[in-house]
Amino acid sequence: MAMFGLIVSGRLVSTNWEQISPTNCVAEIPDAETVNHVVIFLTGAVPFPEGMGGAVYFCWPQPGGGQVWQLLGTISNTKPSAIFRISKLKAADENENMTLTNSFMSLGSGMPTRLNAMVGISVEPLVTIEGQTPAAQTEAATVSNFMEFSQKMVENLFNYATSFAVSAGDMRARPGETFVPFSSLQQWYTNFERRLQQNPNFWRK
């Protein structure tokens, strides 16, 4: 029974994975030049072993026949699916996004030459894959993480700044310093939270 599934927009769901090692499997994506996003998910037929997860990689066929594997992100029993953007990886510098120490690169010459792009999954301990950094330009996989980071950052700034709050009497005793009204900081915090919930990418405008 298939453990993993692959969805490419406009195509049938695929569960056809080729196992190339005890812990690695791959699925080819024909005509990947027209693909912007892929979805990788657990079918539910077979869970990961306790303490294990899947590192998801992407590979473009290279002119010389070599393979460059780029980390997209992870899936696990607690995160059984993920959306990854691959369109930005097409034009990206392969050296910028290449992961030298991943399990697919370690297979080296043992991997047959492929004409199509590939998605690969490497089953590894969660403590290993959770410490890895995905390739740049895969925003679809990281929106929730970015929102969490942004909220924590804003909350930390708000708490730090308010810890220096002083009374009107204290301000008069420190004429060389500039003070910002607490209400202004509070309003900014509220507005930032609201806009982040409406559109996590509002800051790019």
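Are Phe58 and Trp60 buried or exposed? Both of them are buried, where buried means under 20% relative accessible area, exposed means over 50% and partly exposed falls in between (1.4 Å probe, protein chains only). Before going further, keep in mind that this is a predicted model: local features need pLDDT of at least 70, side-chain atom pairs count only at pLDDT 80 or more, and totals for chains, interfaces and linings use all residues. Residues are numbered from 1 along each chain as its sequence is written, and side-chain values use heavy atoms, with hydrogens and water left out.

Let's start with the core. A nonpolar core here is a set of buried Ala, Val, Leu, Ile, Met, Phe, Trp, Tyr and Cys residues joined through side-chain atoms within 4.5 Å. The largest one has 27 residues, and Phe4, Trp17, Ile29, Ile40, Phe58 and Ile75 have the most contacts inside it. Strands β1 (4-8), β3 (24-29), β4 (37-42), β5 (52-61), β6 (67-75), β7 (81-85) and β8 (117-125) each supply at least two of its residues; strands (E, at least two residues) and helices (H or I, at least four) are DSSP runs numbered from the N terminus. Apart from this core lies another, of 8 residues, including Tyr57 and Ile129.

Look at Phe58 again. Leaving aside neighbours within four places in sequence, its contacts (heavy atoms within 4.5 Å) include Ile29, Trp69, Leu89 and Met118.

Now for the rings. Rings of Phe, Tyr and Trp (its six-membered ring) pair if their centres lie within 6.5 Å; planes under 30 degrees apart are stacked, over 60 edge-to-face and the rest tilted. The whole structure has 3 aromatic pairs. Phe4 and Trp17 make one that is edge-to-face, 5.9 Å centre to centre with 65° between the planes. Phe4 sits in β1 and Trp17 in the loop between β1 and β2, 13 residues apart. Phe4 counts as buried at 5% relative accessibility, and Trp17 does at 17%. Phe58 and Trp60 have ring centres 5.2 Å apart and planes at 85°, so they are edge-to-face too.

What about charges? The structure holds 1 salt bridge, meaning a side-chain nitrogen of Lys or Arg within 4 Å of a carboxyl oxygen of Asp or Glu. Arg174 forms it with Glu177, with the closest N and O atoms 3.4 Å apart. Arg174 is partly exposed at 35% relative accessible area, and Glu177 is partly exposed at 45%.
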